Amino acid sequence: MSFSESETIRSHFGVLEMNEIRVELIGALQKRQSDGTWEQPVDITAHRVFVEFGNVSIPALSLQYEATAYEQMGRSDRAALLEKYADD
């Protein structure tokens, strides 16, 4: 894990691979508000879902939440891609 910051978002970020599947780990995610300040870190429990992988239950953010977050960051292309699978 390492800390990463851009103009619009900052968080702790890491990547791992499980059975050839890339998994991104994100913690203490904050988005920059229109006044230039940073919002409080996102309460992930409000958006968390569990994905079953073999005999392991993995916490993840819902695709609907991710789609909304990408749209707010101006990444409509990624948001639209996630929206296709958000109800699955």
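**Entry 1**

Helices here are DSSP runs of H or I with at least four residues, strands are runs of E with at least two, and both are numbered from the N terminus. I note that the model is predicted, that local features need pLDDT of at least 70 and side-chain atom pairs count only at pLDDT 80 or more, while totals for chains, interfaces and linings use all residues. Residues are numbered from 1 along each chain as its sequence is written, and side-chain values use heavy atoms, with hydrogens and water left out.

**Entry 1: the whole protein**

I counted 2 helices and 5 strands in the protein. Along the sequence I read the order β-β-β-β-β-α-α. The C-alpha trace spans about 45 × 30 × 25 Å along the principal axes.

I looked up burial for the 88 residues, and 18% count as buried. Buried means under 20% relative accessible area, exposed means over 50%, and partly exposed lies in between (1.4 Å probe, protein chains only). The accessible surface is about 6,600 Å², and carbon and sulfur atoms hold 51% of that area; the method is Shrake-Rupley with a 1.4 Å probe, and for residues only the protein chains shown count as cover.

I also noted 8 positive and 15 negative side chains, with the centres of the two sets 4 Å apart. Lys and Arg count as positive and Asp and Glu as negative, without His or the chain ends; each charge is placed at NZ of Lys, CZ of Arg, CG of Asp or CD of Glu.

**Entry 2: strands β4 and β5**

I found β4 (residues 48–53) and β5 (residues 56–61) antiparallel and joined by 6 bridges. Two strands pair if DSSP finds at least two bridges between them. Phe-50 has Pro-59 of β5 as its bridge partner. The hairpin of these strands has 2 residues between them, and Gly-54 there has a positive phi near 65°.

**Entry 3: Gln-30**

Is Gln-30 buried or exposed? Gln-30 sits in strand β3 (residues 21–31) and is buried, because its relative accessible area is 13%. Contact means heavy atoms within 4.5 Å. Beyond the neighbours within four places in sequence, I listed contacts of Gln-30 with Thr-8, Ile-9, Arg-10, Trp-38, Glu-39, Gln-40 and Pro-41. A polar atom of the Gln-30 side chain lies 2.7 Å from the backbone oxygen of Glu-39.

I looked up which residues of α1 (residues 63–72) are buried, and found Tyr-65, Ala-67, Ala-69 and Tyr-70. These buried residues pack against β3, β5 and α2 (76–83).

Glu-66 also belongs to α1. Leaving out residues up to four places away in sequence, Glu-66 touches Leu-61 and Leu-82. I noted His-47 as 19 residues from Glu-66 in sequence, with 9.1 Å from C-alpha to C-alpha.

**Entry 4: Glu-83**

Glu-83 lies in helix α2. I put Glu-83 down as partly exposed, because its relative accessible area is 39%. From Glu-83 to Glu-66 there are 17 residues in sequence and 8.8 Å in space, C-alpha to C-alpha.

Which residues does Glu-83 contact, leaving aside its neighbours within four places in sequence? They are Gln-64 and Ala-67. With Gln-64, I found a polar contact between the two side chains, at 3.0 Å. Such a contact is a pair of N or O atoms within 3.5 Å; within protein, one must be able to donate a hydrogen and the other to accept it, and residues adjacent in sequence count only if both atoms are side-chain atoms.
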